[in-house]
Amino acid sequence: MALNEEQQRKALDHLNTKWKGLRNCQICGDTNWNVHPELYEMRQFNEGNMVLGGPLIPLLVIECTNCGNTISINAIRAGIVTPDKKEGSANGGK
(Lines give C-alpha, C1' and ligand atoms only; values in the text may rest on other atoms or scores of the structure.)
Protein backbone atom coordinates (compact mmCIF):
# COMPACT_ATOMS: atom_id res chain seq x y z
CA MET A 1 0.00 0.00 0.00
CA ALA A 2 1.44 3.36 -1.01
CA LEU A 3 1.50 5.97 1.74
CA ASN A 4 -0.45 9.16 1.13
CA GLU A 5 1.00 12.53 2.16
CA GLU A 6 -0.58 12.45 5.64
CA GLN A 7 0.68 8.90 6.29
CA GLN A 8 4.19 9.88 5.15
CA ARG A 9 4.14 12.80 7.60
CA LYS A 10 2.98 10.51 10.43
CA ALA A 11 5.75 8.02 9.59
CA LEU A 12 8.46 10.69 9.70
CA ASP A 13 7.01 12.23 12.87
CA HIS A 14 7.03 8.82 14.55
CA LEU A 15 10.63 8.14 13.55
CA ASN A 16 11.80 11.60 14.62
CA THR A 17 10.09 11.17 18.01
CA LYS A 18 10.96 7.55 18.78
CA TRP A 19 14.34 6.96 17.12
CA LYS A 20 16.60 8.26 19.86
CA GLY A 21 20.38 8.16 20.11
CA LEU A 22 22.64 6.97 17.36
CA ARG A 23 21.05 6.31 14.02
CA ASN A 24 23.98 4.32 12.72
CA CYS A 25 23.27 1.08 10.88
CA GLN A 26 23.97 -1.90 13.14
CA ILE A 27 25.66 -3.72 10.24
CA CYS A 28 27.86 -1.17 8.42
CA GLY A 29 27.77 1.93 10.66
CA ASP A 30 26.44 4.22 7.92
CA THR A 31 23.84 6.86 8.81
CA ASN A 32 21.93 7.12 5.53
CA TRP A 33 18.49 5.53 5.61
CA ASN A 34 15.66 5.28 3.08
CA VAL A 35 12.04 5.17 4.29
CA HIS A 36 10.04 3.18 1.75
CA PRO A 37 6.98 5.11 0.49
CA GLU A 38 4.71 2.10 0.88
CA LEU A 39 3.71 -0.31 3.63
CA TYR A 40 4.38 -4.03 3.57
CA GLU A 41 2.81 -6.83 5.56
CA MET A 42 4.00 -9.71 7.70
CA ARG A 43 1.88 -12.75 8.24
CA GLN A 44 2.31 -15.82 10.43
CA PHE A 45 4.66 -18.46 9.02
CA ASN A 46 2.83 -21.68 8.11
CA GLU A 47 5.62 -23.97 6.86
CA GLY A 48 5.49 -22.47 3.36
CA ASN A 49 1.74 -22.87 2.93
CA MET A 50 -0.25 -19.81 1.94
CA VAL A 51 -2.73 -18.76 4.59
CA LEU A 52 -5.72 -16.65 3.59
CA GLY A 53 -7.18 -14.52 6.34
CA GLY A 54 -5.80 -14.30 9.83
CA PRO A 55 -3.77 -11.54 11.41
CA LEU A 56 -1.41 -9.40 9.34
CA ILE A 57 1.00 -6.79 10.64
CA PRO A 58 1.41 -3.70 8.42
CA LEU A 59 5.04 -2.56 8.40
CA LEU A 60 6.89 0.65 7.63
CA VAL A 61 10.23 -0.38 6.10
CA ILE A 62 13.44 1.60 6.65
CA GLU A 63 16.53 0.49 4.72
CA CYS A 64 20.23 1.38 5.04
CA THR A 65 21.23 2.84 1.67
CA ASN A 66 24.76 1.45 2.01
CA CYS A 67 24.33 -2.23 2.95
CA GLY A 68 20.57 -2.89 2.74
CA ASN A 69 20.06 -3.67 6.43
CA THR A 70 16.31 -3.33 6.96
CA ILE A 71 14.31 -2.19 9.98
CA SER A 72 10.55 -2.63 10.18
CA ILE A 73 8.16 -0.61 12.34
CA ASN A 74 4.60 -1.71 13.14
CA ALA A 75 2.50 0.84 11.20
CA ILE A 76 -0.46 0.53 13.58
CA ARG A 77 1.61 1.31 16.67
CA ALA A 78 3.26 4.16 14.78
CA GLY A 79 -0.18 5.68 14.08
CA ILE A 80 0.21 5.48 10.30
CA VAL A 81 -2.82 3.22 9.81
CA THR A 82 -5.60 2.05 12.09
CA PRO A 83 -6.50 -1.61 12.58
CA ASP A 84 -9.48 -2.92 10.65
CA LYS A 85 -12.26 -3.64 13.12
CA LYS A 86 -13.66 -6.63 11.18
CA GLU A 87 -13.14 -10.04 12.80
CA GLY A 88 -10.02 -11.84 11.59
CA SER A 89 -8.39 -8.71 10.22
CA ALA A 90 -5.03 -7.06 10.78
CA ASN A 91 -4.48 -6.30 14.42
CA GLY A 92 -0.79 -5.57 14.75
CA GLY A 93 -0.31 -8.30 17.29
CA LYS A 94 -3.05 -7.15 19.66
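Helices (H or I, at least four residues) and strands (E, at least two) are DSSP runs numbered from the N terminus. The model is a predicted one, where local features need pLDDT of at least 70, side-chain atom pairs count only at pLDDT 80 or more, and totals for chains, interfaces and linings use all residues. Residues are numbered from 1 along each chain as its sequence is written, and side-chain values use heavy atoms, with hydrogens and water left out.

Stay on Leu 39 and show its surface: the relative accessible area is 7%, so Leu 39 is buried (under 20%; exposed is over 50%, partly exposed in between, with a 1.4 Å probe and protein chains only).

Which residues are in contact with Leu 39, leaving aside its neighbours within four places in sequence? Select Met 1, Leu 3, Leu 59, Leu 60, Ala 75, Ile 80 and Val 81; contact means heavy atoms within 4.5 Å. Leu 3 is 36 residues from Leu 39 along the chain, and their C-alpha atoms are separated by 6.9 Å.

Next, select strand S2, residues 56-64, where 7 of the 9 residues are buried. S2 runs antiparallel to S1, joined by 8 bridges; two strands pair if DSSP finds at least two bridges between them. To see one of these bridges, pick Asn 34 and its partner in S2, Glu 63.

Move on to strand S3, residues 70-74, which pairs with S2 in the antiparallel sense over 5 bridges. Here Ile 62 stands opposite Ile 71 of S3.

Finish at the hairpin of S2 and S3, with 5 residues between the strands. Select Gly 68, which takes a positive phi near 90 degrees.
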